[in-house]
Amino acid sequence: MAAASSSDSDSGRAESEASSKWLDAHYDPMANIHTFSACLQLADLHGDGEYKLVVGDLGPGGQQPRLKVLKGPTVLSESPLPALPAAAATFLMEQHEPRTPALALASGPCVYVYKNLRPYFKFSLPQLPPNPLEQDLWNQAKEDRIDPLTLKEMLEGIREKAEVPLSVQSLRFLQLELSEMEAFVNQHKSKSIRRQTVITTMTTLKKNLADEDAVSCLVLGTENKELLVLDPEAFTVLAKISLPSVPVFLEVSGQFDVEFRLAAACRNGNIYMLRRDSKRPKYCIELSAQPVGLVRVHKVLVVGSNQDSLHGFTHKGKRLWAVQMPAAILTMNLLEQRSQGLQAVMAGLANGEVRIYRDKALLSIVRTPDAVTSLCFGRYGREDHTLIMTTRGGGLIIKILKRTAVFVEGGGEAGPPPAQAMKLNMPRKTRLYVDQTLREREAGTAMHRTFQADLYLLRLRAARAYAQALESSLSPVSATAREPLKLHAVVQGLGPTFKLTLHLQNTSTARPILGLLVCFLYNEGLYALPRAFFKVPLLVPGLSYPLETFVESLSDKGISDIIKVLVLREGQSAPLLSAHINMPVSEGLAAA
Amino acid sequence: MAEQRLAMRTQFPASAESLKPRLKKAPEFPILEKQNWLIHLHYIRKDYEACKDVIKEQLQETQGLCEYAIYVQALIFRLEGNIQESLELFQTCAVLSPQSADNLKQVARSLFLLGKHKAATEVYNEAAKLNQKDWEICHNLGVCYIYLKQLDKAQDQLHNALHLNRHDLTYIMLGKIHLLEGDLDKAIEIYKKAVEFSPENTELLTTLGLLYLQLGIYQKAFEHLGNALTYDPTNYKAILAAGSMMQTHGDFDVALTKYRIVACAVPESPPLWNNIGMCFFGKKKYVAAISCLKRANYLAPFDWKILYNLGLVHLTMQQYASAFHFLSAAINFQPKMGELYMLLAVALTNLEDTENARRAYTEAVRLDKCNPLVNLNYAVLLYNQGEERGALAQYQEMEKKVNLLKDSSSLEFDPEMVEMAQKLGAALQVGEALVWTKPVKDPKSKQRTTSTGVGGTSQLTKPASLPLEPEPTVEAQPTEASAQIREK
C-alpha cells in the first residue's frame, strides 16, 4: 500500500544505535494512523505464528474510521467502520482448533466481532429501561389523551427530579417552540421511547483458566456508568456492575469464574476497585486530577494523571509512590519482557519522549521525532519484543528491543543535581567602582554634607514652585472648593493645522458648574485660532467634556511655541486653572 | 445477524433530516452521548483543539443537548481564562441535568475563581445536599470560608473533608488556617500528620521545616528540610532555608554550593541574592557581598532586610555616606526596629553629625527591648561627648539587658563587645562588673571589621532571625549588627 513507500533513511540516524537498546525497524511519518492505545492490538489473527497489528483508526480529524491490519511495515487490509472505534481487543472465543483469536471492536453501542478478519457477529448493548412515567405520558399522547403543553409540563417535572433520565425524544421535545410541538408529537407518538447507551472502554478477562491461550470474556464500560461482562460464546451479559461515574480505562486480572480484580478509572477523577463478589466498588482512589492511563504492573496499579505525574497504588488504594514527569502524559501501556521477567510501564509524553519506568525507577527513555499518542509492546511478526508507536501527526514508528538488552535502574539519577556544578553568575564590579569607594572613604563626611545641603535646597525649591503654582492657578487641577476642575489637553495632527482637544472635567460629586470661560494665549505671529475665547457649557459632575479647536501654524521656519490655556470664571480676572501646551513642530511645512 | 453492518454507515447522517416535519416515518434520534468518550480522551490529553472540534460536531448533531460536551467546553473555557463564559455554560449544564452535583461543583468553582466566594459557598452547599460524601465539596467550601474570613467554619469543613478522604491539599489549607490564626503549634501538629500521611510530599516537608525554624527548633527543622531535599534536590525553598541555617553556623562554602542550584532555578529571587551576599560578607569578600546585595536590592527595592544588610556591609567598608542612604531607606520601610536606628547612628557618628546621631540613638533605645549593644554604643557616644551621667545610665540599662539575656538563653556574647563594655565600665568607674561571668569561648568565627584611626568595632552575633511570616517565601536574614565604639 501507499504507506509502504516510506523512506528507508533510518540508517542515517545511527547516533547511538550501537549503545541503544532499540533497533529502529520502521518509521513512516505519513502512515496516516490516528488512534489511541486502546485501539492498538497485536495478535496472531490467522493462526500462522505471524503476529499482526490491528489498528482501530479514527482517521484524520476523526472523520474516516477504519479498521487497519498491518503486517510488518505494510497495511494488509483496510475496511471502513460505521462509527469511531472506542477500543479494540483480541480474545479466544472457544476451545476449538485452530486457535485463532477473534477481534472485537467497540464502537458506539455495538461490539463488532471479526474472525479471520471477516465480520462474524455484532453485539448491541441492551436497551436501557425507560422512565415508566415518561412511557406513560407518551402512551397517553399516542391515544391523544394529552395535549402537547401538558405533556411538556409533565416531562419537565420528570426531568427536574427523576432518577432515570429522559429519552432523547423527550429532551428534543422539551426544546421545541409551541408551534412545532403538535407536529412533533404526531410524528413521534407512535414510536416506543428508547434509551440507548454507548461503550466507552473495553478489555478482556480470562474466563476460567489462567493460561496464555485461555478463553476470555469481554468487559465493557458504558456511558451509563456500568460495567458488563460478556460471555465469549453466546454474547450474553454474564455480570453487570454499576459504578459511581463513567469508566474511561479498565484494568482486569484473574479469571471470571474464579476470582478477579478490576480497576476502573472514571471521568470524575476517581479509580474504583472491585472484586468478583462485590457489586459495588470496594476501594476508591481519589486522584484529584484526571487519570490519563491505567496499567497494572505485577501487583501495583500505575496511574498517570493529567498533572504530569505517575502514581503507584496497591490493590487497596494505598499510595506507594509518585514520580513527576517533565511533560504531559499522553498515553500509557505495559511493557513485558518475558525472558527477563520484567514488567514496566511505558508513558508517551508530550515532549516527544517515551519513558519506561519500573516502579519509581526510570529504566529508559526513547526519543521520538513527534509526540507519541498511542503505543503497545509485544510480539509482532516473528519478533518477540517490538515497540509500536503512533504519533500525533499520524506517523508510525516500530522499534525492536535487542535480544541482548537488559534494563537497569538508575540512569544517572543519583548524586547532586547538575546545576550545583554551575558557576554563580556574579555581578562584576568595575575599576571605577573601586575608585569611587576609596574616594568615599576619604571624603565621606564632605559628600554627606554636600548631599544634605543639596537635598534641602531641592526641597525648598520644590516647595516654592508648588506654592507659586497654587497662587497663580498654574496647575491643571483647580483646588478651589467651589470649582473643582481637571483639565488635560491633547494635540493631534502633523501640521500645519493641528487639532487641539481640551478635556475638562468637573470633579465635584454633585454640583454642576456653570459660567466658565476658556481663553487661549498665544503668539499671534506663529499661530492662528478660530476662536481664542469661548464659553464652556454647563459641566455635569464626573463627565469629561472634550472641547475641540483647530490651530493653524503660520510659521514656515519649523519653530514651535507654547499655547497657554486659561479657564476663567465669569467676572473674575484670576484664572481658575491653566495649562501650557507645548505645540509640536509643524511637519507638514517642513516636508513641503 | 452480523450482516447488517454494511448498511450501518449510511444510517448516521440521518439526524439532519429529523427536523423535516412531513416525513412519513419518524427518524431515529442520534445517541446524545455518542462521542463523550472521545471528548474526554482528547480533554485529558490536553489536546484542546481536537476536543473543541469534536464538541462542536457533537453539539450540532444533538442540537445542544449533549450535556457532557457543554461541560467539557466550559472546562476548556475556564482553562483558557474565560471564566465568565465557562460559568454560563456550566449553568446551562445545570439546567440540562439539575440533579448532578458535578455541575453545581463546577459552577461553584467558577464563582470561586471569579472571587465571588459568598456565592460559591451557597452553590457548594447546594451541591453538598446532592452528594454528601464528597471530600472535594467539603475542601472547597473550607477554602471559600478561609477567603470569607470565617475560619471556624473553614476548619469544620476541612476536617470533614479529611474525614471523608485524606488529601495533602486539605492538610495544607488546614495548616494555613492555623498560621492565619497565629497558632504555630497547631499548624505544626497538622503538618506533622500530613507528613505522616504522605512522607514524600516536599512541599509539606519544607513548610514543616520552616515552621520549626521559626520556633527555633533547629534540629527538627534541618531534618525535615533535609528530607525534602532528598526527595527533590532542586527544591529551592528548602535549599534557601537550609542554606540560611548553614550560614548561621558559619558554613558559608557549603551554603554557597547549594545556592548554585537555586541560582539556576530562580535566578531572580531577591532572598537568594541576599543570602549569597551575606555568605560573601561572612567570608570577608566585601565587594562581592555588595554586588550581590545590590542585585537583591534591584530585584526587591522595597525589602528592608536587604537594605539593612547593605547598610551593614557599607559600614564595614567604611563607606558611611552610602551606609547612611541604605539605612535611612530601610528605616522608611521598617520604622519599628531599634537596631536600624542604632546602625544609622553609627553611620552618623562617623559622618561627624553627632547631633543627629544622638537623636537616632534616642529612638533606638526607645524601640529596642533586648539588644544591649544599642545601649552600649549610646553610652560610648555620650561618654565621648563628655556626658558621663548619661553614659552611666545607658551602661546600667545595658547591664539589665545582659542579665535578662543570660537568664533566658544560652547566647554567647561577642568578646569584642565584652571587652569594650569592660573598658567603658572602668572609665565610668563602676568597677569590674560581674555581668560577664559566662566564659567566652570560641572567638574565632566572629568577624570583626578592621578599623582605622579612632574607631574600634564590635559585633554581636544574634541568633539568626528567620522569616516570621508564614508565607512560603524563604528569606534568610543573617543579622549581624555591627557597632562602632569610639574610644576615649
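**A loop, an interface and some salt bridges**

In this predicted model, Val540(A) sits in the loop between β33 (533-536) and β34 (544-553) of chain A; strands are DSSP runs (E, at least two residues), helices likewise (H or I, at least four), numbered from the N terminus. Val540(A) is partly exposed at 34% relative accessible area (buried is under 20%, exposed over 50%, partly exposed in between; 1.4 Å probe, protein chains only).

Residues are numbered from 1 along each chain as its sequence is written, and chains are lettered from A in the order in which they are written. Local features need pLDDT of at least 70, side-chain atom pairs count only at pLDDT 80 or more, totals for chains, interfaces and linings use all residues, and side-chain values use heavy atoms, leaving out hydrogens and water.

Next, the two chains together. Chain A and chain B bury about 6900 Å² between them, 60% of it on carbon and sulfur atoms; buried area is the accessible area (1.4 Å probe) that two parts lose on being put together, summed over both. Three salt bridges turn up across this interface, a salt bridge being a side-chain nitrogen of Lys or Arg within 4 Å of a carboxyl oxygen of Asp or Glu. Asp308(A) pairs this way with Lys46(B), the closest N and O atoms being 3.3 Å apart.

Glu50(A) is buried at 17%, while Arg382(A) is exposed at 54%.
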